[in-house]
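Colleague: Could you take me through how the features of a model like this one are read, one after another?

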Amino acid sequence: MKLWGAFLVVALATASSAYFKPPPPPPEVEESHFAYQEKTFRRALDECAEYLEVPAETVEHLVSHRFQTSEQNLKCLIRCAGINAGWWNDTAGVQGPVIESYFQPSPDDTCFDRRTRECLEARAPLCQDDCSRAYEAFLCYYHQYGNLRWSQEYIPLPHLEAVQASIDCINILRIPRELIEQYSRAIVPNVPETQCLYRCQYLAEGLYDPQYGFNHTRFYIRHHDQPAREFLSDETRSCTEHALRDSCDECARVYRARKCFDSYSTPFFTSRIIQHAAQIILGQRGCDEDELKPRYNSIASGSYVPASHPPPPPPPSSYHVSDGGCKYNCKN
C-alpha cells in the first residue's frame, strides 16, 4: 500500500510539472485596432536580427559598442531596421522626419540639424552599396542629431498599406458605388460620406483621435517626402483646434480641419490614396441582379433544375494492372 501511495505521489508530481500554462500577456501591451504601428528602435533591430539570422549576442555586442562595426552583415542589419521602422528607402535614402523621431537633441544644442545635414552630405558619396549607405546615414543621426530614444515611435504607413486602410474604410462605411466611381476619377465631392471617409482614413493611419484631435507630429512624419516644419507650428495647431470646435458633426469638423495643412502638405496626398482604393474596389467583380437570385438550396416553389452536364462515364468493369504492378485503386 505504501508503495502504491509513493507511486501515486510521484505520478501526480510528474503530471503537474509537465503541465505548462502560458503566462498572460503583459498588461501594458495593447494591440492597435487601426492600421498604423509604433515600434522602438530596439524592436525593429531585433526583428531584423530574426530575419537575417543574426545571433542575439551579436546584436547586444553591436548596441553596447555604440553601433561601431566594419562587418557588412551588421551594416545590413541597420539597413533592415531602417526599412522596418520606415526611415530608410533604397531609392530615396534616409527619411528625415521619420528617423528624427528616434533621436532626442539636447535642449541647448542649436546646431544639431546643420551638423547632421553636413554629415549626410559628406558621407553619402563615399558609399556604394545600400547597406553601407543606410549604416552611414544612421551614424550621422546617432552622432550628430541627438541621443537615441528607446521609446515606441510612429511608423508611417507605406502607400499600399494606406490604400488598404482606405479600402477597409470604404467598405466599413458602405460608401455608395456612385461616389466610389467619382473617387476613382479623382473627383472628391464634399458630402457627408466623403467627410466620414477622411475621418476614417485619419483614424486608421493614427493621425487623428476623437479625444485629442490631430497629431501634428505624425502628420509631419507622414509627409516625409516633402517635410515641412509648419506642421508643428503653433499657428497650425491653433487652426486645427479651432476647426475641430466649429461644428457639431465630427466628420465635418475633421474634413474642415484638414485644410489647415493644405499650404505645405503634399498636394492631394489623401485623395490619391482614396482614388487608388476606389480603382481597386471597382476592379473587383461584382454581382448583377440576376446573379443574386437563389440557385442552390432554394425554398422557392418548384424544383430547381441545375444546368445540364454530360453524365459521368460508367465505372470500368475491371482494373488495368500495369506491368510494374498495381499501386492505386487496386482490386484484391
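**Reading the model**

Modeller: Leaving aside residues up to four places away in sequence, asparagine 147 touches Tyr102, Phe103 and Gln104, where contact means heavy atoms within 4.5 Å. This is a predicted model in which local features need pLDDT of at least 70 and side-chain atom pairs count only at pLDDT 80 or more, whereas totals for chains, interfaces and linings use all residues. Residues are numbered from 1 along each chain as its sequence is written, and side-chain values use heavy atoms, with hydrogens and water left out.

Colleague: Where is asparagine 147 found, and does it count as buried or exposed?

Modeller: Asparagine 147 belongs to strand S5 (residues 147-148), helices (H or I, at least four residues) and strands (E, at least two) being DSSP runs numbered from the N terminus. At 61% relative accessibility asparagine 147 counts as exposed; the cut-offs, with a 1.4 Å probe and protein chains only, are under 20% relative accessible area for buried and over 50% for exposed, with partly exposed in between. From C-alpha to C-alpha, asparagine 147 and serine 106 are 7.9 Å apart in space, although 41 residues apart in sequence.

Colleague: What does threonine 194 touch?

Modeller: Threonine 194, which sits in helix H10 (residues 192-204), touches Tyr183, Val188, Pro189 and Tyr255, again not counting residues up to four places away in sequence. Threonine 194 is buried because its relative accessible area is 0%. For the protein chain, buried residues make up 37% of the 332 residues, and the secondary structure comes to 14 helices and eight strands.

Colleague: How should I read the packing of two helices, and at what angle do the axes of H3 and H4 cross?

Modeller: Two packed helices are described by the angle between their axes and the distance between the axes. The axes of helix H3 (residues 56-64) and H4 come within 12 Å and cross at roughly 80°, which makes H3 roughly perpendicular to H4. Axes here are lines fitted to C-alpha atoms, for helices over the stretch in contact, with angles running from 0 to 180 degrees between N-to-C directions; angles under 35 degrees count as roughly parallel, over 145 as roughly antiparallel, 65 to 115 as roughly perpendicular and the rest as oblique. Thr58, Val59 and Leu62 of H3 make the contact with Leu74, Leu77 and Ile78 of H4.

Colleague: Which loop holds glutamate 53, and what is its phi?

Modeller: Glutamate 53 lies in the loop between helix H2 (41-52) and H3, and its phi is near 60°, a positive value in a residue other than glycine. With a relative accessible area of 72%, glutamate 53 is exposed. Alanine 186, in the loop between helix H9 (177-184) and H10, has a phi near 65°, likewise a positive value in a residue other than glycine.
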